Amino acid sequence: MSLNIIHLLRIYRNNKLIMILENNIVKLVDYILLNAYSVNSTGLYKGKAGLSLCLFEVARFQEDEYIEGHAFDLLQEALLTKNGDIGFENGLSGIGYVLLYLIENKFVEADFHELFGNNLKKIEETLSEETKKPTANNYIRHHFKMVFFLDAFLSSDNTDNSIQPLIDFFSDAAGRLLEEYVSRGNEGKSNFLKTDFSVFLNTYIKIAVTCKHFYPSLKGLNGYAEQYLQNKWASNFTTGYYLEDIATKNNSLHLKEVAQMNQALALKNIYPDTLSLSQRIDLLYLLRKNKDKQAQQIMLLEEGFGDDTRENIIENNILQSIHPTDFIAGYESGIARLLLYWVYRNSPESNHFKFL
């Protein structure tokens, strides 16, 4: 379905600006709803669970019962539809995470075990079996983000003794993988590993900071820090942001130095037109944690917000900011994430937000 971009988003022709028109928020929501009931996926990143989370946030901010009703309907569909995938991005653990998030932040009143108990049992049983296989480390690598769900559940219900051992397994396996990346970097294979390692590292340190029951490998992180100082890895603001938190908690001046260098150098090399929509939003989310200090960079990434003079928007421009394989309405990379950022940016109470 074609998106009427003129009424929804405005972008400078050189693609340096992505902008939400606040007075068209309902049209953005309507576009999500048009896609929501036809998409087959029920998951977080590209499915109904993620769209439901987005609409609940918008409904609360707008005090809109109509949007809230649709958000609830989508949540019900996500919970009732059978899903054989237990993964975080598009499977059961992502749906479970959304339910926990909505309960914790009082969007819904529900008994998690009553609604999700059978799925939780399936997740636990599947993971327990996978940890016993010779291919367990590879499985962990591709399902690492499940820790977000496991940790959220353990934080909400610490009576389930089967969850911590699963998180411990992720901690151990992911720590070994981190150390393996560092070892291969020392062997001169960093060029081949750069993109793969950057994605893994950002997920690793975000989990280490966000999930209180996950224990990071300081050996692996210190190995990365040494290689960073040898110019083997590029600067990355996300890496620096979360690494500084780990450094502070562990009283590591060495890690803190590398973290701050990452942030400083990355901020000098922000080129908005090279960033995807999701990359821009995720960077803005972190910059706004210290919005007074990072005002210049935020302005660069939000340049033109509130400008009512630009109406000649082309759909092709927004599509250039969303990868062709991504769900344009979705939580991971599309309009739902853009709407969530709009709420986050304008809400006086946004501490609960986590762009996962």
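Trainee: How much accessible surface does the protein have, and what share of it belongs to carbon and sulfur atoms?
Mentor: About 17000 Å², with 48% belonging to carbon and sulfur atoms. Accessible areas come from the Shrake-Rupley method with a 1.4 Å probe, and for residues only the protein chains shown count as cover. Keep in mind that this is a predicted model, where local features need pLDDT of at least 70 and side-chain atom pairs count only at pLDDT 80 or more, while totals for chains, interfaces and linings use all residues. Residues are numbered from 1 along each chain as its sequence is written, and side-chain values use heavy atoms, leaving out hydrogens and water.

Trainee: What makes something a helix here, and how many helices are there?
Mentor: Helices are DSSP runs of H or I with at least four residues, strands are runs of E with at least two, and numbering starts at the N terminus. By that rule the protein has 17 helices and two strands.

Trainee: Why is Phe153 called buried?
Mentor: Its relative accessibility is 1%. Buried means under 20% relative accessible area, exposed means over 50%, and partly exposed lies in between (1.4 Å probe, protein chains only). So Phe153 counts as buried. Across the 356 residues of the protein, 53% get that label.

Trainee: What does Phe153 touch, leaving aside its neighbours within four places in sequence?
Mentor: Phe153 sits in helix 8 and is in contact (heavy atoms within 4.5 Å) with Leu100, Phe112, His113, Leu120, Asp160 and Ile163. As for Ser93, that residue is 60 positions from Phe153 in sequence and 10.0 Å away in space, C-alpha to C-alpha.

Trainee: What makes helix 5 oblique to helix 8?
Mentor: The axes of helix 5 (residues 92–104) and helix 8 (residues 146–156) come within 9 Å and cross at roughly 40°. Axes are lines fitted to C-alpha atoms, for helices over the stretch in contact, with angles from 0 to 180 degrees between N-to-C directions. Under 35 degrees counts as roughly parallel, over 145 as roughly antiparallel, 65 to 115 as roughly perpendicular, and the rest as oblique. So helix 5 is oblique to helix 8.

Trainee: Which residues meet where helix 5 contacts helix 8?
Mentor: Helix 5 brings Ser93, Gly96, Tyr97 and Leu100, and helix 8 brings Met146, Phe148, Phe149, Ala152, Phe153 and Ser156. By class, that contact has seven nonpolar, three polar and no charged residues. Ala, Val, Leu, Ile, Met, Phe, Trp, Tyr, Cys and Pro count as nonpolar, Asp, Glu, Lys and Arg as charged, and the others, Gly among them, as polar.

Trainee: How do helix 2 and helix 17 cross?
Mentor: Their axes, for residues 25–36 and 335–346, come within 10 Å and cross at roughly 145°. This crossing is left-handed. Ile25, Leu28, Val29, Tyr31 and Ile32 of helix 2 make the contact with Ile335, Ala336, Leu339 and Trp342 of helix 17. The class count there is nine nonpolar, no polar and no charged.

Trainee: Why does Asn231 count as exposed?
Mentor: Its relative accessibility is 70%, so Asn231 counts as exposed. Asn231 sits in the loop between helix 11 and helix 12 (237–249), with a positive phi near 65°.

Note on methods
A crossing is left-handed if the near helix is turned anticlockwise from the far one by less than a right angle, and right-handed if clockwise.
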